[in-house]
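Visitor: I am new to this structure and would like to be walked through a few of its details. Could we begin once it is on display?

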Amino acid sequence: MSLSATPPLPSRPAAPRWRRWLRRSLLGLLLIAGLLAMTLWALLRASLPQLDGRIQLPGLSAPLSVARDSLGTAVLQGENRLDLARGLGFVHAQERFFEMDLSRRSAAGELAALFGPKAVERDQERRLHRLRARLSERLAGMSEADRTLLQAYASGVNAGLAALRVRPWQYLLLRAEPQDWTPVDSLLVIGEMFSMLQSGGIQGGFERALLREKAGDTLFDWLHPRGGRWDAALDGSQLPPLPLPGPELLNLQKSAHKPEALARSTSLDEAPVGSNNWAVAGSRTADGRAILADDMHLSLSVPSIWYRTQLQLGRGEGALRAAGLSLPGVPSLIVGSNGQVAWGFTNAYGQWFDWIALPAEIPAERLRVFNERIEVKGELARAFRVQEVDGAPIAKTLQGQRYALRWAAHQGEAYNLGLDQFLQARNVDEVLALAQRAGLPHQNLLVADRRGQIAWTVAGRLWSGSGLGERYARFQSLDSPARGWLAPADYPVIKNPSQGQLWTANNRQAAGAWGELIGDGGFDLGARAQQVRDRLSERPRHDEASLAAIQLDHEARFIKSWARRAEARLAASPAPTAAQAEALRLLQQWNGQAATDQAGYRLARSVRLRCLDALWDAWSRAALGKDLGDELQGDEKTRIGWKKNFEYSAVQALELRPAHLLPPGFSSWEAFELSQIDAAMAEMSQGGGKQRRPLAEATWGEANPARIQHVLSRAIPALSRWLDMPVEGMDGDGNLPQVMQQRHGQSQRLVVAPGHEAQGLLSMPGGQSGHPLSPYYGAGHADFMRGRPTPLLAGPAKHQLEARP
């Protein structure tokens, strides 16, 4: 018997050629994508800063070490000041060169060379001031010591940039090459801080002068009161309320205009103003030491604007150790303590500018024209013409009228490195003398020393001459004399006050002669300062923990007055709707805090903003006159907004209820207030959908999430998941000590007693490094957001760099 062969299996038909081609193409694309991802990853890693080993620093005169702790605090140990500057420049460049570059480019009007045509308009706004040209002239006239320090720092920056194996990752993404750092670039970083801290006040100053010109002194002064019940000036001054304007000055019953604000559906807000500092003298502590607290409020970003720095000069008994924060781009410690003195700043918001209304014909000998060239990536350079009258650029034209801007930041003498000498200061008096000659944006300086002394002054070069009476909210003429510099002996100073405490929070600090000198460039309402002052007064003795607790204080004492007003209005309503009854319960149940889980705070806050915005819209249009009022106030781009102290005018009208100031379209002031409450409720209850939800679900945390982003992720949202800090609701707000808003707030929190730095505290959001693969990217951010204290002084070294001559 034989077995037959197994019949062959039928063969599978060959895959169509197009499928084979498709599979191979997809595999090829995946391989290319994988290789590209690996290449990008390798390049990204290659641009990481060097953390360990040996580095080369040109010009170094003695050995230098750079250690980093778990937060990335850079601890520089050297034998002289210039070597420390070289080392600081090196680490700044490796960790933050891109951010430094943006600062100098922004100040000089050179961003379009990096970002292309979309940045041209911004460059034109900044190029108007010609800061690179002005500061190049200033550099040549600075002291030899300042020039030498700037050059040492620039050499360190360029060494740090050159030591990277690959250029910083941001330039890979932008397909650009970083340019070397020069000494004038550090002056431009100071110039950028001038602009950041004072440009809002300059624009506000123009708007106020325009309103005064159109409305007249009496009506303007009422719309822009300079103080009131929330004041907390250091000199104790109180400014009385002004009488209501009569119908002959402002009568809305004759107007048919319905305020645009009533039709808005989005949340309104007020421009952020910030920074707090306070100090207690030795008489207010258990062991006689003075303690300083400082939290500067700026736009929040990744990485932080500041850089944790510890400078150690020399060794042994005579060594100096200074700890605090530096600003990448500048060789100095901005705030901190050197063991003998501690110092901190808040923006002073004085009037450091004049707007000049120009005649139709300007004498030729007083007019200069500069032809600027704005480089644009990917396109031809743009020509830009700048006209200056007696050194003041012609900055605005409105209805055919030209205006020039005279600004302290245009004058070379406003720039120097006097702040750097704080490192060697030994007591309050030495710091005050240095501050009054220092070239920096004008700041409220608080200083404490090891002997228990405290003091306040305005740091920066102050103008002499007339102030509030002749210049506040008034256009100057072409023949108004330029201002000279005030002698340091004439600066305002408060030293060792009898109550043993000092505080500033961007509010008005003084009246009288001091108030004349400082002027008013847009002070904040005093509510925040008042709460800080009162918190300090609540305890006879303080320590670091009690001062740090004030930095996290988000009790909303100011907004409580608006909550009570809204409660009273709702309770008095003869026929409340179901929504109004719900709102009344919400306000009654509110715990008084600007806390993430509180909807009552959000409601009271929104009612306030809507009332102020609606009243301002109605009154300002009438005050400006029909044509100009409609032209400016009808466009969000040109709209003149209300300033902080408008609070007093609005509240006075709400309390006195004059018929001639009632916005058109309302039968009574009660109806007006209910309308604003209803609008706030409608917005909150709508949320992100179309169906109504309970008001209690519309919490403050929902309206106040942290939006702490990298500058590139704002332009390229797809990068957010890798570059930005987590989005989370935040306690705090603007008119209370814990200033935390979506993109603006406490950029750092410092508490320190000189000589007791080991007990000092320092934290900041956003982290130390600008490289997303660095262990220090976002380091300390979570602790900051949750209010967990972190030490001022560096902890054990995790990494170490060494440099030899």
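Visitor: Which residues does threonine 309 touch, not counting residues up to four places away in sequence?
Guide: This is a predicted model, and in it threonine 309 is found in strand E8, which covers residues 307-313. Leaving out residues up to four places away in sequence, threonine 309 touches Thr73, Ala74, Leu76, Leu88, Ala322, Ala323, Gly324, Ser326 and Leu333.

Visitor: Is threonine 309 buried or exposed?
Guide: The cut-off for a buried residue is a relative accessible area under 20%. The relative accessibility of threonine 309 is 2%, and therefore this residue counts as buried.

Visitor: With the side chain of which residue does the side chain of threonine 309 make a polar contact?
Guide: The side chain of threonine 309 reaches a backbone atom, the oxygen of tyrosine 307, at 2.9 Å. For a side-chain partner we turn to another residue, because a polar contact of 2.7 Å joins the side chain of threonine 309 to a side chain within the 3.5 Å cut-off. That partner is serine 326.

Visitor: Which residue caps the N-terminal end of H14?
Guide: At that end, a side-chain oxygen lies 3.2 Å from the backbone nitrogen of alanine 545. The residue that supplies this oxygen, and so caps H14, is aspartate 543.

Visitor: What word describes how H8 and H17 lie to each other?
Guide: Helix H8 (residues 183-215) and helix H17 (residues 599-624) pack with their axes 8 Å apart, at an angle of about 60 degrees. The contact is made by Leu211, Lys214 and Ala215 of H8 and by Trp616, Ala623 and Leu624 of H17, and by class it has five nonpolar, no polar and one charged residues. Given their angle, H8 and H17 are therefore oblique.

Visitor: In which kind of crossing does H15 pass H16?
Guide: The axes of helix H15 (residues 557-571) and helix H16 (residues 578-589) come within 10 Å and cross at roughly 145 degrees. Among the residues making the contact are Ala563 and Leu570 of H15 and Ala583 and Leu587 of H16. The crossing in which H15 passes H16 is left-handed.

Notes: Residues numbered from 1 in each chain as written. Predicted model: local features only at pLDDT ≥ 70, side-chain atom pairs only at ≥ 80, totals over all residues. Heavy atoms only, no water. Helix = DSSP H or I, 4+ residues; strand = E, 2+ residues; numbered from the N terminus. Buried < 20%, exposed > 50% of the residue type's maximum accessible area, 1.4 Å probe, protein only. Polar contact = N/O pair within 3.5 Å; in protein donor to acceptor, adjacent residues only side chain to side chain. Contact = heavy atoms within 4.5 Å. Axes fitted to C-alpha atoms, helices over the stretch in contact; angles between N-to-C directions. Parallel < 35°, antiparallel > 145°, perpendicular 65-115°, else oblique. Nonpolar A, V, L, I, M, F, W, Y, C, P; charged D, E, K, R; others polar. Left-handed = near helix turned anticlockwise from the far one by under 90°.
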